[in-house]
Amino acid sequence: MITTRSRRGLPRRLTPVLTILLVAASCGDSSDPPVAADAAPTTVAAAVTTTEATTTTSRIPAAPSLEADLAAIPSAYSFTSVTLVDDDEVLRIEGRRIDGDTELDVSSNGALLHYVVAADGSTWVRTDGEETWAVDDALTIDDPLEPLRHPTEVRWESSDANTRIYRADYEAWLFALPEGPPITLFISARSDQILYRYKSGSTTVDLTLVSAPDLAAIEIPTEVPAG
């Protein structure tokens, strides 16, 4: 069943979630370049560690290598973002995106909301523990990988047989940020995942996006006709 009502528990600013993930993970000075774990991580924090840059005597230029890594992620993937402040988790976003449809679980301050956003922007929300989906204001959630495809400069940070880590600069407007100097991201790529970390002061944001081509289609809620 679907009703039309305002959602509770989380502020409206949390709802364009994928955009916020990219903004949060790109603001300010990034440190501690990320490294993908050898196996699929159970948590983002477990997958992200610091690394020292290594040198490789023979490798392709960084920009086309990053372009190829981003292109290798299919239209179906899952993602997890964890935001820590003073080592306390303040926001967790887990979800999946399949052919433009997006499913999200957003938890913050003890509240947990579930979202379904169709490719056309139609949006539904449900408070955890409830069965009823509510029609919400339409959202536009673009592919979160798209801004990463438009760096102004890409440099190698390190690489080995399995993992490639880049230091890439981007114009701020690509991430819906105010006018300002270019931002820098450390991006870790493997054959099946993209991972990066933003760290500034006491705040850390870890984001992992994992290829999942066999995911089942996202079920879009169906509105029950009145009467």
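**View 1. The hairpin of strands β2 and β3 in the predicted model.** Strands β2 and β3 form a hairpin with two residues between them, and Asp86 in the turn has a positive phi of about 55°. Strand β2 covers residues 76-85 and strand β3 residues 88-98, and the two pair in the antiparallel sense over ten bridges, where strands are DSSP runs of E with at least two residues, numbered from the N terminus, and pairing requires at least two DSSP bridges between them. Within this pairing, Val82 stands opposite Arg92 in β3. This is a predicted model, in which local features need pLDDT of at least 70 and side-chain atom pairs count only at pLDDT 80 or more, whereas totals for chains, interfaces and linings use all residues. Residues are numbered from 1 along each chain as its sequence is written, and side-chain values use heavy atoms, with hydrogens and water left out.

**View 2. Strand β2 beside strand β12.** Strand β2 also pairs in the antiparallel sense with β12 (residues 203-211), over nine bridges. Thr208 in β12 is the bridge partner of Thr80.

**View 3. The two sides of helix α3.** In helix α3 (residues 62-71; helices are DSSP runs of H or I with at least four residues), the buried residues are Ala62, Ser65, Leu66, Asp69 and Leu70, buried meaning under 20% relative accessible area, exposed over 50% and partly exposed in between, with a 1.4 Å probe and protein chains only.
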